[in-house]
Each structure stands twice: as structure tokens, then as C-alpha cells.
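Let's take a walk through this structure together. Keep the model open beside you as you read.

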Amino acid sequence: MMTRKVPIIAVATAPGRAGVGVIRISGPDLSLISKALFQKTLKPREAHLLTLRDAVGAPIDQLIAIHFIGPASFTGEDVLELQCHGGPQLLELVMKRCLELGRDVGLVIAEPGEFTLRAYLNNKIDLAQAEAIADLIDAQSEAAVRGAARSLQGAFSQNINELIEEITQLRILVESTLDFPEEEIEFLENAQARDRLKRTRDQLQALRDGAKQGKILRDGIVLVLVGAPNVGKSSLLNQLAGEDVAIVTAIAGTTRDRVKESISLDGVPVHIIDTAGLRDTDDLVELKGIERSWDAVRMADLVIFLRDPFLVSLADIAAEQVLKGDILEAIPSKCQVFEVINKSDLLLEKDRPKDGQAMTISAKTGEGIDGLKRKILEISGWGGTQEGTILARRRHLDCLDRAAKHLEKAQEFAENGNISLDLFAEELRLAQDQLGQITGKLLPDDLLGKIFSQFCIGK
Ligand SMILES: Nc1nc2c(ncn2[C@@H]2O[C@H](COP(=O)(O)OP(=O)(O)OP(=O)(O)O)[C@@H](O)[C@H]2O)c(=O)[nH]1
Ligand SMILES: [Mg+2]
């Protein structure tokens, strides 16, 4: 896929019935195909109302065709855009006819993301922008749309490029003095290298903070509700979702399997997983459900450990403590566990936890639910939608984290008593490599295929 130059074709619009369906063809030179389809040369960038016919001359569709000549096109190659009527059968017929007529020039069906890959390989966009296209399509909230749009416009890439430029300038300075080791200290002073490095580190930190917000906005939060049977997990899910998605009964062991529901809090997608109450049981079905509950805990961003204030027996209280320990052991390293006491509507005033102690809610009446929602966002590190939030991916965060580590090490090699300009320069180079991976300037070979294969077909 990476290097093929053959023309490609795909339906660009979503499957299903619609007013219009768009088919796109991209290739180094599409003049032959366009002539074969419409028996004439199309004037570039003009809308032509034309009829596409089958092999015996019967009309298939009346459509609008626009021929973009490379490099002034989305992919940087010739692009032929066919705006047909939007029926699935019809689009399949048009595709079939195009493939027939394009056989001689090697026209094939595009792989997922191949149009955008070509745009990237032809330098129309960088990698962060290509990813922003996929994220824009997948965006689940208005804030996510705006964040992806900013990345697509190049805001994220520009920040990265500015950082790379500053590191480059520093490297040029350092490397020009590497041959004069006795001047290392003097150089660091004169070039204000430490100050410059500090500024760069601060900028990188600001970018990391913003990217973390963008990652939350893009991927959302996986919130897992756990606790003993009957504490009200399913009732809480229903209360958060605002509808009855899970079955609630007074029987312990009601929920047998994970129940998932996604909601949006302040534009952040929150993927809630309600689980089977955790307890020892001989019931095979329940056991399977409990196993799945633990699987959910292992992939959580945030766990709400829901408790019932009316545990009376010491055995129940002890079991809850053991359960809490097991949960803390099972969660991933960056996940937090948040304890919440349910059924506050049944609590007497004197029994309510004091301020600063565990949060109390009532999944039945809705008391405390707004506060819980705010808490979920706060614990997850969401700082509210900011003007400049850009959508970011795990991959971006990892590169930024690694770049920050290298800059930190560079600083260590500039400290008095530990000065080594060689190692200082090397760490700068490594930081720069990591940043370059975000925009795709320096990318391990296998990564490109991986990134683009996650795109939808026709993009
Ligand atoms: N009074 C009161 N009752 C509640 C509250 N939340 C849940 N309940 C009741 O507690 C019982 C159990 O609720 P569920 O939501 O099914 O509890 P669960 O934790 O999902 O239980 P399992 O699925 O069996 O593990 C039901 O009778 C609910 O109506 C609450 O805030 N107040
Ligand atoms: Mg339940």
C-alpha cells in the first residue's frame, strides 16, 4: 500500500441511502479514465453535468464530475470526483463501471486511509494533520470537532515545529563548539544554553498539558462502576445515563454481565461500564460475569467503588475491605479509585459522612449526582474546554513524554559538575526525533501503515 502508484477508487460518502453519494478516484494521471467514462476531456476544476453509461450505452446515473489536476488536489495527484445520486446499489454500479473502464490503467479499489496517505506522502499535509482528518470524522462532541479542526488547520503541527526549530538552533550552537572541550562551561554561559533549554522545556510542558486535555476529549474516560452486590451500581448507571439502560432489582446478583453506556459530560465522552457485583459465588453464570467485571477494572481510567452505608455485619464490612484491596491491585497504573457511598436518601443526618470524607449520593433520588459528575471530570484531569485545545492521541502524548525526558536529561548534562556537551547534544537530538515523529518527519517504517489502516474506507 505504501508505495503503489496505481489509480485508486472508493465511495467517499457513508453507506446507506442519501441525496448524494460521492465516488473519488485518485492517480498520477486520470485523463484516460475520465475520457473513457465520459468520452471527452473535462476542463479542470469545473463542475460538469454528465451521464455515465454502461457497456451497451444505457444510462446508469446523471452526475456531476469535477477533475482536479495534481498537485492542486486533496491527494496531490489527479483527482476525479463523481457526485452521483446516493443509493447503495447505484454507487456499486458506478464503481463497477469505473473499474471496468479503468482496468487498462490499473484502477483498483482503495485501501482504508489511502487517499489521506497519498496526501501525506505528497506533502499536502503532515502526519498530525492526517490523523486530525480521521479524528474530525470520528469526533463525538462539538468540542472534539473544534479540537480536530484546529489540528487539521495545522495549529498542533506549528507548535511542534516551533519546538523543533528551537532545539535545532541549540544543537547548531552546541555542535559548533564540540571540538573545543575546554570551553564547555564557557560556552554554556555565553550561549545562554541553560536558559534557552529551560524555555524550551517550559514550552514543551505547556504543549503536554494541552495535549493531555485533547486526549481526554478524543478518547474520553472509561469509568467502571464496581462494588458488592446490591449497592446500587446499575441504579447509578441509569441515573448518570438519564435512562433505564440496566436492570435494577432488590435481588443481589442482578447484573450478570457488563453493561456499557456512553454519555457526554462537558463535551467529554464518558464510557460507563456497570459490572456484576463482586462476591464469592458458586453460580457459574455469575462467576463469568464477575470475571468480566475484573477485566473491565483492568482497562479503566477511573473506578467508582460504590458502597452501601447499611452494611451491618462485620463479615460484610471485612469483605468490603478485602474487595477494595483487590481493586487497588487490579487497576492500571494511571487509574484512580474513587469511593462513593450510595443510598444517602436513607441516611439519617447524624450518620452522614462529614465534609472531606467520602462522597455520598443517592442513585435513587439523584441527590449528589451533579457533584459526582463534576468529580469524575476533575479526577480524570479535565480542565474544561479551552480556546486552544487540540485533539491529541496516545501516540502524540507518548512522543511528547519521551521528548520531555530527553530534554530533562540534556539539562542534567548541562549542570555544573556533570557537564558533557557530547551527551547534551545527543539528548537534544533524541528529543527532536520524538517531536519529529508527531508530524511524521521522522517515523519508524511500520508506524505509517498502522496509523492509516485505522482510517475508514474512502478517506
Ligand atoms: N433507597 C435507595 N435504594 C437504592 C439506591 N440505589 C439503589 N437502590 C436499590 O438497591 C437495590 C439494588 O440496586 P441495583 O442498582 O440493582 O444494585 P447493583 O449494585 O447493580 O446490584 P447487582 O447488580 O446485584 O450487583 C434496588 O432495590 C435499588 O432500587 C438509593 O440510592 N437509595
Ligand atoms: Mg447491577
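A donor to a metal here is an N, O or S atom within 2.8 Å of it (3.2 Å for Na, K and Ca), and water is not among the atoms, so sites may look incomplete. What are the protein donors of the magnesium ion (ligand 2)? They are S234 (OG) and T255 (OG1), lying 1.9 to 2.1 Å from the ion. S234 lies in helix α9 (residues 233-241) and T255 in the loop between α9 and β8 (259-265), so the pair ties together parts that are 21 residues apart in sequence. Helices (H or I, at least four residues) and strands (E, at least two) are DSSP runs, numbered from the N terminus.

Before going further, a word on the ground rules. This is a predicted model, in which local features need pLDDT of at least 70 and side-chain atom pairs count only at pLDDT 80 or more, while totals for chains, interfaces and linings use all residues. Residues are numbered from 1 along each chain as its sequence is written, chains are lettered from A and ligands numbered from 1 in the order in which they are written, and side-chain values use heavy atoms, with hydrogens and water left out.

Buried means under 20% relative accessible area, exposed over 50%, and partly exposed in between (1.4 Å probe, protein chains only).

Now turn to ligand 1. Of the 23 residues around this ligand, K233, S235, G253, T254 and T255 come nearest; a residue is near a molecule if one of its heavy atoms lies within 4 Å of it. A polar side-chain atom of S235 lies 2.5 Å from an oxygen atom of ligand 1, and a polar backbone atom of T254 is 2.8 Å from a ligand oxygen. For K343, a polar side-chain atom lies 3.3 Å from an oxygen atom of the ligand. Taken alone, ligand 1 exposes 650 Å², and the protein buries 90% of that (areas by the Shrake-Rupley method with a 1.4 Å probe; for residues, only the protein chains shown count as cover).

Next, the strands. Strand β3 (residues 48-53) and strand β4 (residues 59-68) run antiparallel, joined by six bridges; strands pair if DSSP finds at least two bridges between them. L52 has D61 in β4 as its bridge partner. The two strands form a hairpin with five residues between them, and G57 in the turn has a positive phi of about 90°. β4 also pairs with strand β5 (residues 78-86) in the antiparallel sense, over five bridges, where F68 is partnered by V79 in β5.

Most residues other than glycine have a negative phi, and most peptide bonds are trans. R45, in the loop between α1 (31-38) and β3, has a positive phi of about 60° and is exposed, with a relative accessible area of 52%. N230, in the loop between β7 (221-227) and α9, has a positive phi of about 75° and is partly exposed at 33%.

Definitions and conventions. A polar contact is a pair of N or O atoms within 3.5 Å; within protein, one must be able to donate a hydrogen and the other to accept it, and residues adjacent in sequence count only if both atoms are side-chain atoms.
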